[in-house]
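Morning, everyone. I have one structure to walk through today. Please have a look at it on the screen.

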Amino acid sequence: MKVKPNNYIAIEFLSRSVNEGFARTAVAAFAAQLDPTLDELGDIKTAVSEAVTNAIVHAYPDELGKISLRASIFGGNVLEIVVRDWGCGIADVEKAREPLYTTGGEERSGMGFTIMESFMDRLKVRSKPGHGTVVTMKRAIAPRSGRK
């Protein structure tokens, strides 16, 4: 049985680089209801930025495409963020998750998945060449002492 979120947002946008800032700000504003610390919020924004940038740069290298972002809050103050594209997909997800591996040329660091994994509690990447990629990230936000 699938657990339903307590709250969620869903956004769809074109794979334009200007939309990366919008996506990270939208998720940060949504996550604010969990009362994260500034460090937690910074980690979340960085992970979203990496996931959306990957979709913009790698999924649609020669065209504009659709990206969807869904952020959900589950019991236990768990924030789940799903970034999906319908682009070219990833042939070898395990290889793509290796630090410094990139298909984006010399200007790319190849650290996107590594950064997402280090800032979130869980990272799942599903992809099928020619059909796109789904990146799911989860992070529990610890309640601050003295607050409920």
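In which strand does Tyr8 lie? Tyr8 is in strand S1. Before I go on, one caution: this is a predicted model.

Back to Tyr8. Is Tyr8 buried, partly exposed or exposed? Its relative accessible area is 44%.

What does Tyr8 touch, once we set aside neighbours within four places in sequence? The contacts are Phe30, Arg70, Ala71 and Ser72. Tyr8 and Phe74 are 66 residues apart along the chain, yet their C-alpha atoms are separated by 9.0 Å.

Ser72 belongs to strand S2, residues 66–74. Why do we call Ser72 buried? Because its relative accessible area is 2%, and the cut-off for buried is under 20%. Skip residues up to four places away in sequence, and Ser72 touches Pro5, Asn7, Tyr8, Phe30, Val78, Leu79 and Glu80. Phe30 is on the contact list of Tyr8 and on that of Ser72.

Phe30 takes us to helix H1, where it is one of the buried residues.

H1 covers residues 19–31, which is 13 residues. At 1.5 Å a residue, H1 should span 18 Å. The end C-alpha atoms are 18 Å apart, so the two values agree.

Next, strand S5, residues 132–140. How many of its nine residues are buried? Seven are, so S5 is mostly covered, with buried meaning under 20% relative accessible area.

Which way do S3 and S5 pair, parallel or antiparallel? They pair in the antiparallel sense, over eight bridges. Arg84 has Val134 as its bridge partner in S5.

S5 also pairs with strand S4, residues 122–128. S4 and S5 run antiparallel too, joined by seven bridges. Here Val125 stands opposite Val135 in S5.

Last stop, the hairpin of S4 and S5. Three residues sit between the strands. Which residue takes a positive phi in this hairpin? Gly130 does, near 85 degrees.

That's my tour. Over to you.

Note on methods. Residues are numbered from 1 along each chain as its sequence is written. This is a predicted model: local features need pLDDT of at least 70, side-chain atom pairs count only at pLDDT 80 or more; totals for chains, interfaces and linings use all residues. Side-chain values use heavy atoms; hydrogens and water are left out. Helices (H or I, at least four residues) and strands (E, at least two) are DSSP runs, numbered from the N terminus. Buried means under 20% relative accessible area, exposed over 50%, partly exposed in between (1.4 Å probe, protein chains only). Contact means heavy atoms within 4.5 Å. The expected span of a helix is 1.5 Å times one less than its number of residues. Two strands pair if DSSP finds at least two bridges between them.
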